[in-house]
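Hello,

Here is the structure for you to look through. My notes on what was found in it follow below.

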Amino acid sequence: MPRVVVIGGGPGGSVTAARLRQRGLDVVVFEKTTFPRFHLGESLLPKSLPVLETIGVLAKAEARFLLKYGARFHDDVRARKDRFSFDGAWKPEPDHAFQVPRDDFDALLLDHAKELGADVRMETKVDRVVFEGARAIGVSVAGALERADFVVDASGRDLLTGRAATDKIEGLDQTAIYAHFTDVPRAEGALAGDIDIVLFESGEPERPNWFWFIPFADGRTSVGAVVSRAWMRARAGTSTDDLFAAAARESSSATELLARAKRLWPRCEATADFSYRVRTTAGPGWLAVGDAGGFIDPLFSTGAHLAMTGGLLAADTIADTLAAPADEGALVEAWRAKVRAAAETFILAVQAFYRGPLVETLFAEDKHAALRRSITSLLAGDVYGDSVWLRDIRVRLREMVSP
């Protein structure tokens, strides 16, 4: 039986491993940490749910996590609000996603891959991918070769296959400061699971800072402030707690939502300059999924969606390749192109947001019905394909980011 090694047990690696087992392949997953462990990216998109259904874990997720039916945007700079309900997308099935504490969600996915027969080895660090000529033939673990017919790099920011070939994404040099809280108010009923995106002044013309508010089923809320480099530079030497408090003071909505909140963590955490492209995401005998293939600003909650969908597509590509080795080049290139096109759509959207035009589109009172459907479909993660609306929104976004 062909053997595939997966480096990393996050959502991309776990979905890949689970699908490979469904396709009848021998799978070994090497995960350097022990689960559960914290990770950012706690708000899923509706178009991720078919991935969970395909690998057979959707029912478990439905029973465990808070349902998310839409996204609310608040503009504290110009006192505007709008809500996008996922049932207003061009293809509104499913009409919801989940808000997921990533420690629970990632453990659920990895345990599911294990139940399907993947050999999961925790606290086992891969040193490097081993090549014979140009082809990957396995990985080195504690100096020993673990052979494989195919290698999947799902190592996240370790970037075992792409560290030497990364590029920062222009205009996405933000810093996120975040923590978990209790006693943050939320809407009643079905709207309780909405994500709230709150825009506030960054000190740069047309370029907003913003907060995320992500509610969980157990009463916790993930809250993060995403701020510009200029905003951070003006407050150099300030602690993360004080930076978070400063951001909250500058946002009327955040001030209101956090008025009675209690922070659950000893201090706020921060991460900076987190957006990057990886120039080469596949080669003979290997490919990279999830953050190992690039990462985009968390504005539209795309990280886990790109990782899981890319991982599912990668597993099918690998299974088809191992069944027909002569077709490897064409199959892997088709996978790479599809995954890259989806990621580039989100990159354009985030760049258009920070440059200002997309903000005006989001809050425009006179949005025609088709444009609202297209924005909603983008927010739902419906970016794998070549539908008319997707071609149209890509053209609009390119125009927004053009000099």
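The face of helix α12 that is turned away from its buried side carries two exposed residues, V388 and E399. Please keep in mind that this is a predicted model.

The helix

Which residues of α12 are buried? They are W389, L390, I393, R394, L397, M400 and V401. Looking down the axis of α12, these buried residues fall within an arc of 135 degrees, so they line one face of the helix. An α-helix has 3.6 residues a turn, so residues three or four places apart point the same way.

What covers the buried residues of α12? The cover includes α9 (328-355), α10 (357-363) and α11 (369-379).

A buried strand

Next is strand β13, residues 175-182. Of its 8 residues, 7 are buried, so β13 is largely enclosed by the rest of the structure. Buried here means under 20% relative accessible area.

Which strands does β13 pair with? Strand β16 (residues 221-227) is joined to β13 by 7 bridges, and the two run antiparallel. Within that pairing, Y178 has G224 of β16 as its bridge partner. Strand β18 (residues 269-272) also pairs with β13 in the antiparallel sense, over 4 bridges. There, T175 stands opposite A272. Strand β17 (residues 262-263) is joined to β13 by 2 bridges, again antiparallel. The bridge partner of T182 in β17 is K262.

As background, strands of a sheet pair through backbone hydrogen bonds, either parallel or antiparallel.

An open sheet

There is also an open sheet of 3 strands, in the order β12-β19-β22, with antiparallel pairing. Why is one side of β12 and of β22 left without a neighbour in the sheet? β12 (166-168) and β22 (294-295) stand at the edges and have a single partner strand each, so one side of each has no neighbour there. Strand β19 (residues 276-278) pairs with β22 over 2 bridges in the antiparallel sense. In that pairing, Y276 has F295 of β22 as its bridge partner.

Regards

Notes: Residues numbered from 1 in each chain as written. Predicted model: local features only at pLDDT ≥ 70, side-chain atom pairs only at ≥ 80, totals over all residues. Heavy atoms only, no water. Buried < 20%, exposed > 50% of the residue type's maximum accessible area, 1.4 Å probe, protein only. Pairing = 2+ DSSP bridges. Arc of directions from axis to C-beta. Contact = heavy atoms within 4.5 Å.
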